[in-house]
Amino acid sequence: MESIAAWFASTLGQYVSAKTVVFIVSLMPLLECRGGLIVASLLDVDILEAIPICIIGNFLPIPFILLFIRKIFELLRKWKVTAGLVDRIETRTMNKSDKLEKGEFLGLMLFVGIPLPGTGGWTGSLLAALLDIDFKKALAAIFIGILIATVIMSVFSYGLLARLV
């Protein structure tokens, strides 16, 4: 993830402001606020400015995923070219559903909040939609999870851990 974030910082950073790059990276699946904070650190964006940008960027697509992903998948299944991709995404996502063992809310919150590969707001919202978790409950759990991930990644991206120890 760090190499991808560095690529965005160096490439996109030539054309738009550092804060815009941070926002764009935070919007993207897989990178999300985790990648956004790495980019913010690389582009010397102040942590107090980077955190809200990353949270907003990461959270912005979540309600749309929760509301529309099933319809989008339904539409994509009509074409042979995309049907297999949709099936793979659903299978891969549902294989992660066992991580919600501790109850829907807490499980979803921790799934999004603990920054591991394959977790985050995008995957969490996809999982919540596929498992028919209540919209408001999923939205709250994912938002809190994004906050947790942001705190954890801020500590590592900005070297706060070294300053505290």
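**Pocket, rings and a covered helix**

Analyst: Gladly! One point before we start: this is a predicted model. On the pocket, H6 gives the most to the lining of the largest pocket, with 6 residues.

User: Which elements give two or more residues to the lining of the largest pocket?

Analyst: The lining of the largest pocket is made by 25 residues, with Pro29, Leu30, Gly118, Trp122 and Thr123 nearest its centre. The elements that give two or more residues to this lining are helix H3 (32-42), helix H5 (62-76), helix H6 (80-94) and helix H8 (121-130).

User: How many residues of each class are in the lining, nonpolar, polar and charged?

Analyst: The space in the largest pocket is about 650 Å³. Sorted by class, its lining has 16 nonpolar, 4 polar and 5 charged residues.

User: What kind of aromatic pair do the rings of tryptophan 7 and phenylalanine 8 form?

Analyst: The structure holds 2 aromatic pairs. In the pair of tryptophan 7 and phenylalanine 8, the ring centres are 5.0 Å apart. Their planes stand at 80°, and over 60 degrees counts as edge-to-face. The pair is therefore edge-to-face.

User: Is phenylalanine 8 buried or exposed?

Analyst: The cut-off for buried is under 20% relative accessible area. Tryptophan 7 has 48%, so tryptophan 7 is partly exposed. Phenylalanine 8 has a relative accessible area of 13%, so phenylalanine 8 is buried.

User: How many residues apart are phenylalanine 59 and phenylalanine 143?

Analyst: The rings of phenylalanine 59 and phenylalanine 143 also pair edge-to-face, because their planes are at 80°, with centres 5.1 Å apart. Phenylalanine 143 is partly exposed, at 32% relative accessibility. Phenylalanine 59 sits in helix H4 (residues 47-59) and phenylalanine 143 in helix H9 (residues 135-157), so the pair links distant parts of the chain. The two residues are 84 residues apart.

User: What separates the C-alpha atoms of glycine 159 and serine 41, in Å?

Analyst: Glycine 159 lies in the loop between H9 and helix H10 (160-164), and at 28% relative accessibility glycine 159 is partly exposed. Along the chain, glycine 159 and serine 41 are 118 residues apart. Their C-alpha atoms are separated by 9.3 Å.

User: Which backbone oxygen does the side chain of threonine 119 reach?

Analyst: Threonine 119 is in the loop between helix H7 (104-113) and H8, and at 7% relative accessibility threonine 119 is buried. Leaving aside neighbours within four places in sequence, threonine 119 is in contact with Arg34, Phe111 and Ile114. At 3.0 Å, its side chain reaches the backbone oxygen of isoleucine 114.

User: What does serine 26 touch, not counting residues up to four places away in sequence?

Analyst: Serine 26 is found in helix H2 (residues 18-27). At 0% relative accessibility, serine 26 counts as buried. With residues up to four places away in sequence not counted, serine 26 touches Glu32, Cys33, Gly36, Ile53, Cys54, Gly57 and Asn58.

User: What covers the buried residues of H3?

Analyst: H3 is mostly covered, with 9 of its 11 residues buried. Among them are Glu32, Arg34, Leu37 and Val39. The cover over the buried residues of H3 includes helix H1 (2-11), H2, H4, H7, H8 and H9.

User: Which residue just after H3 takes a positive phi?

Analyst: The value of this phi is about 55°. The residue that takes it, just after H3, is aspartate 44.

Notes. Residues are numbered from 1 along each chain as its sequence is written. This is a predicted model: local features need pLDDT of at least 70, side-chain atom pairs count only at pLDDT 80 or more; totals for chains, interfaces and linings use all residues. Side-chain values use heavy atoms; hydrogens and water are left out. On a 1 Å grid over the protein atoms alone, a cavity is a set of points where a 1.4 Å probe fits but cannot get out, and a pocket is an open set with protein on both sides within 12 Å along at least five of seven lines; lining residues have an atom within 4 Å of a point. Grid points are joined across faces, edges and corners, and a volume is the space filled by probe spheres set on the points. Helices (H or I, at least four residues) and strands (E, at least two) are DSSP runs, numbered from the N terminus. Ala, Val, Leu, Ile, Met, Phe, Trp, Tyr, Cys and Pro count as nonpolar, Asp, Glu, Lys and Arg as charged, and the others, Gly among them, as polar. Rings of Phe, Tyr and Trp (its six-membered ring) pair if their centres lie within 6.5 Å; planes under 30 degrees apart count as stacked, over 60 as edge-to-face and the rest as tilted. Buried means under 20% relative accessible area, exposed over 50%, partly exposed in between (1.4 Å probe, protein chains only). Contact means heavy atoms within 4.5 Å. A polar contact is a pair of N or O atoms within 3.5 Å; within protein, one must be able to donate a hydrogen and the other to accept it, and residues adjacent in sequence count only if both atoms are side-chain atoms.
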